[in-house]
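Here is a short report on local packing. Please keep the sequence and the structure in view while reading.

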Amino acid sequence: MAAWSHESRDRPVMAIIGGGVSGTAVAFHLLRSQALQPGQLFIFEPRTRLGAGLAYDTRDPAHRINVPAAKMSLLPDDIEHFQRWLQEGNALEGDETAVAANGGLFPRRGLFGRYIGAMVQPFVDSGAITHIAERATDVRCMDGRWVITGEAGRRLSADILVIATSHPSPLPPRSLQSALVGHPRFVADPTRPDALDAIRAGDRVLVVGNGLTSADVIASLELRGHKGPITAISRRGLRSRGHAPVKQELFGDFVSHPSRTALDLLRRVRAAIREAEGEGRSWHAVIDQVRAQGQHLWRAMPVKERRRVVRHLRPFWDVHRFRVAPQVEAVSEEAIRAGRLEVLAASVASVEAKGEVIECTLRLSRSAKSLDRQFDAVVVTTGPGHRGILASQGWIGGLADAGYLAIDATGLGLACNTASQALGAGGKVAPSLFISGPLARGTFGELMGLPEVIEHAVFVAGQVGSAVADYTKRKHNASKLDNSAT
């Protein structure tokens, strides 16, 4: 089996699986601090360009970044870098609604992927990064090195491996999956390109899930000319909230005496919101402070309390923390006012396809009542499929079977220590295997937002840099011993 011929033989080789924002940011910041030679750093990413990943690869003009551009940057010490890049490159030409009513800049989401790609491209051009435009199909540890096989069958042997893949796509409720498999308008994964093409203008649509993806789907359908009724359901009926009308300073202190239980944290957040409102602020300032102090809060809690946060508080946290862009929010609000969009706290009790008509019984969450409805299309927007991480890709399952990977105790991602090194089922550390990005959130807490993902990538780049230094020191010492022996 052929190998990549230009990999380094006398220096440590690093491989990153996943060339979205997280993996690309690790490479970028590693190269800012390390003078690597061509053939040392490889990124496996099947997309033709680095930096976009699943989140920022969209070409749908209805999809916008959910954080103001002034808070998104590949450079944590230059937080407005992306906004300047947009303005200096005239990237917003033709997008008359990019600036929201509150003055914030919310460009189309694909632009951020282009920005990351543009930042890293010089390293690709110079050979400092070798972009392998293939999926990794097999990964195993052999003689202390990580052997990665790509789709074309070639192999790469690396001394250090970074897993920077994202969560799997949404997992449809089993009742929907079994009843609607093969239905022409069952959209199990709306993140696929052109996933909504099959939905016709007058179709009655059921959207399962009420988070950011749901809002994106509704905005995309509106842009495509859809005029039919939409019913959006989730167990609690909670929708992602919008941004504050004006910029606010962070409010509250949650780390001086961090909460040890989920209940105490909830009480303190509620108290801080009441205090903030008494001073004329909104809840946004408090939630943003919790987010800023999130890693400290998370680490202060024992695992059983983290699990309680995930089980009981995460749905409420998500809708306040992950805010919908004002332009996208306006579409849903107008659809509600016009009577085209109905938001319910409900779940699917039963579903049956009769020809192309989908008959559903919706069980209302806050009563014993049910609703019988007919739909022409169903779109699943339930968020990342956490429970399917190990089964999402064969090589991940293979590493788990070999004892190198495990699901973390909260069920949010892959287990790792505070150095972001992977932990196996028995808690054994794989010192040359790192986890970067959202899959490390079980250990690091808030790792879904772009600023936190970038900061974690900088941290992982530092850890990889230390591993490179250790490798070089070991090689040097071994060489000295060899020379003294001769």
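Predicted model: local features only at pLDDT ≥ 70, side-chain atom pairs only at ≥ 80, totals over all residues.

Residues are numbered from 1 along each chain as its sequence is written, and side-chain values use heavy atoms, with hydrogens and water left out.

**Helix pair**

Helices here are DSSP runs (H or I, at least four residues), numbered from the N terminus.

| Helix | Residues | Contact residues (heavy atoms within 4.5 Å) |
|---|---|---|
| Helix 7 | 283-292 | W283, I287, V290 and R291 |
| Helix 9 | 303-321 | W317, H320 and R321 |

By class, this contact of helix 7 with helix 9 has four nonpolar, one polar and two charged residues. The two helices pack at an angle of about 110 degrees, their axes 10 Å apart. Axes are lines fitted to C-alpha atoms over the stretch in contact, and angles run from 0 to 180 degrees between N-to-C directions. Helix 7 and helix 9 are therefore roughly perpendicular (65 to 115 degrees).

**F322**

F322 sits in the loop between helix 9 and helix 10 (326-337). Its relative accessibility is 16%, so F322 counts as buried (under 20% relative accessible area, 1.4 Å probe, protein chains only). Leaving out residues up to four places away in sequence, F322 touches L212, S240, R241, W317, E446, M448 and G449. F322 and G383 are 61 residues apart in sequence and 12 Å apart in space, C-alpha to C-alpha.

**Helix 2**

In helix 2 (residues 81-88), the buried residues are H81, F82, Q83 and L86. Their cover includes helix 3 (110-126). Just after helix 2, N90 takes a positive phi of about 55 degrees.

Note on methods: Parallel < 35°, antiparallel > 145°, perpendicular 65-115°, else oblique. Nonpolar A, V, L, I, M, F, W, Y, C, P; charged D, E, K, R; others polar. Buried < 20%, exposed > 50% of the residue type's maximum accessible area, 1.4 Å probe, protein only.
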